[in-house]
Amino acid sequence: MVPLAAAIVLLRAIAAVGAPLTVLYTNDLHLRFARLDSLEHRIEEVRAEADSVLLVDAGDAWHDFRRPLTAVWGADEMVSWMNQVGYDAMALGNHDLYWGALRLAVLARAADFPILCANAKQVGSARVPFVASTRVLTTATPVLVIGLITEEFLPYPAYPGLRLVGPAGAVREEIRHRATDADLILVLAHLPVADAADLARAVPEIDLLVSGHSHETTFEPLRIGQTWIVQSGAFGAYLGKLVLDVDPHGGRHRLIANELLPTEKAPTAPGRGLRRLLSVLTAAVAVALFVLR
Amino acid sequence: MNRWVIFLVAIWVGVGTSAAPVGGAHAMILLPAGGTRVEIAWGMSGPAVEWSRIVSPRMEVIASSSPADLFSIRAKVLLVGELVPLFVAALVGTDGHGVVGTLFLGPVEVSAGRRLGKSACRWAHVQLAAEPGVSLVLGGEAFGEGWQPFAAVRIFPQRDAVWEIGLSIRGDGIRLSLGGWL
């Protein structure tokens, strides 16, 4: 405990001399593997330049039925990639729940970073594969990161162990219980920008809201009170980069820069996952024939 | 929310009778191991009660009682759980044996199954769950020759799937059910 406190004091001292915090953000990657190499290159470039970097995702990274081939095999590989590039946290998106509880638990266990969701509470003896928030100790500042999920298109009948609560109340609760040592409160909200703005009005203590779900692109971050709101489109087309001068005394944080760094598509192996998709279809046809014949 | 309200009203006004979601009709095991669920129902054929217990992440035991069948017990065993989005389960019980498959597409879930034996039947349905608090089940079932449609509404008063009120409509009338995870 003492070394941790000493580390916090030391980090605060470093922050007090003006080390900025760079927040790299993605959302709604939806298994778009063609852009991952380019995203990784961008992340490495920023890390080479900046001292203190936080890498986060606002949800829907692991699933997309619009791409049935990658939807049957891609999640494991996406988790591996996110581990490899060193994500610090990810919010749970509605699509990430489409794996079903058993598979989602396996994916979450494989992730080296916490999966966050504060507004879906565990009910009874159900074990959920996520936590409400996490504290990340960057070299610039301690950050409290809280996750939120949209209520839209949730497969809630398949998750009897989850109870949805209001996002504002959930965030307030996390701030009340966990924000003691944090200089910055970052919410990864799998919510559209408009909903994120409502949340910022309801909980003005939030410093930064990285939003998702709506696939919006905020070239200019939205400012509500003292809260900055950003979103980087979808499918990995951009890597969001926001640089903040964090006030270690809990005062106002100054936005130094925000930009969306474009990425490029690379060719991917065609037909990958075809065998697995065929297995799914064959089994589905077998069941259908058994029912109908 | 409006579209759900409109649909509910359409069911009440247009059909005026109902039945419950088909018991054991999908292939997924939803509750954690050790979880117990109870459902009581009232329909044109009288009251019915169903009790189910999750024995393991791949097996659920379901017992039911109704005027037509005083006691039946069956097990649902998840055969295929690794080919997400497809789940396939075997149904083995005193009322017959069968197979059910579910294509789990998040807020849309498609299930089809067939049971052979004493209570032979076939069914297929789609469940839509776009908003917390209510989901809709549309499908058909066949006891012998010919399919008949059914529709059901599942209402989750606490915005979770722990407790639910089910209202379903079939050719033989309305069925109202109350079910919950103990």
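**View 1. Chain B, its burial and its elements.** Of the 182 residues in chain B, 43% count as buried. The model shown here is predicted. One helix and 12 strands make up the secondary structure of chain B. Read from the N terminus, the elements of chain B run α-β-β-β-β-β-β-β-β-β-β-β-β. Now look at contacts along the chain. Among the contacts in chain B with a separation of 6 or more, 34% join residues 24 or more positions apart.

View 2. Strands of a sheet pair through backbone hydrogen bonds, and the sense is either parallel or antiparallel.

**View 3. Strands β1 and β2 of chain A, side by side.** Strand β1 of chain A covers residues 21–26, and strand β2 of chain A covers residues 53–57. Five bridges link the pair, in the parallel sense. Find A:Val23 first. Opposite A:Val23 stands A:Leu54, in β2(A).

**View 4. Helix α4 of chain A and its buried face.** Four residues of α4(A) to find here are A:Ala101, A:Arg103, A:Leu104 and A:Ala108, which are buried. Why do the buried residues of α4(A) line one face of the helix? Seen down the axis of α4(A), they fall within an arc of 160°, so they line one face. An α-helix has 3.6 residues a turn, so residues three or four places apart point the same way. What do the buried residues of α4(A) pack against? Their partner is β4 of chain A.

**View 5. Where chain A meets chain B.** Here 34 residues of chain A are in contact with 38 residues of chain B. On the side of chain A that touches chain B, α4 (101–110), β8 (162–164) and α7 (274–292) of chain A each supply at least two residues. The most comes from α7(A), with eight residues. By type, the residues on this side of chain A divide into 24 nonpolar, six polar and four charged.

Technical notes:
Residues are numbered from 1 along each chain as its sequence is written. Chains are lettered from A and ligands numbered from 1 in the order in which they are written. This is a predicted model: local features need pLDDT of at least 70, side-chain atom pairs count only at pLDDT 80 or more; totals for chains, interfaces and linings use all residues. Two strands pair if DSSP finds at least two bridges between them. Two residues are in contact if their C-beta atoms, placed from the backbone, lie within 7 Å. Ala, Val, Leu, Ile, Met, Phe, Trp, Tyr, Cys and Pro count as nonpolar, Asp, Glu, Lys and Arg as charged, and the others, Gly among them, as polar. A residue is buried if 20 or more other C-beta atoms lie within 10 Å of its own, exposed if 12 or fewer, and partly exposed in between; C-beta atoms are placed from the backbone. The arc is that of the directions from the helix axis to the C-beta atoms.
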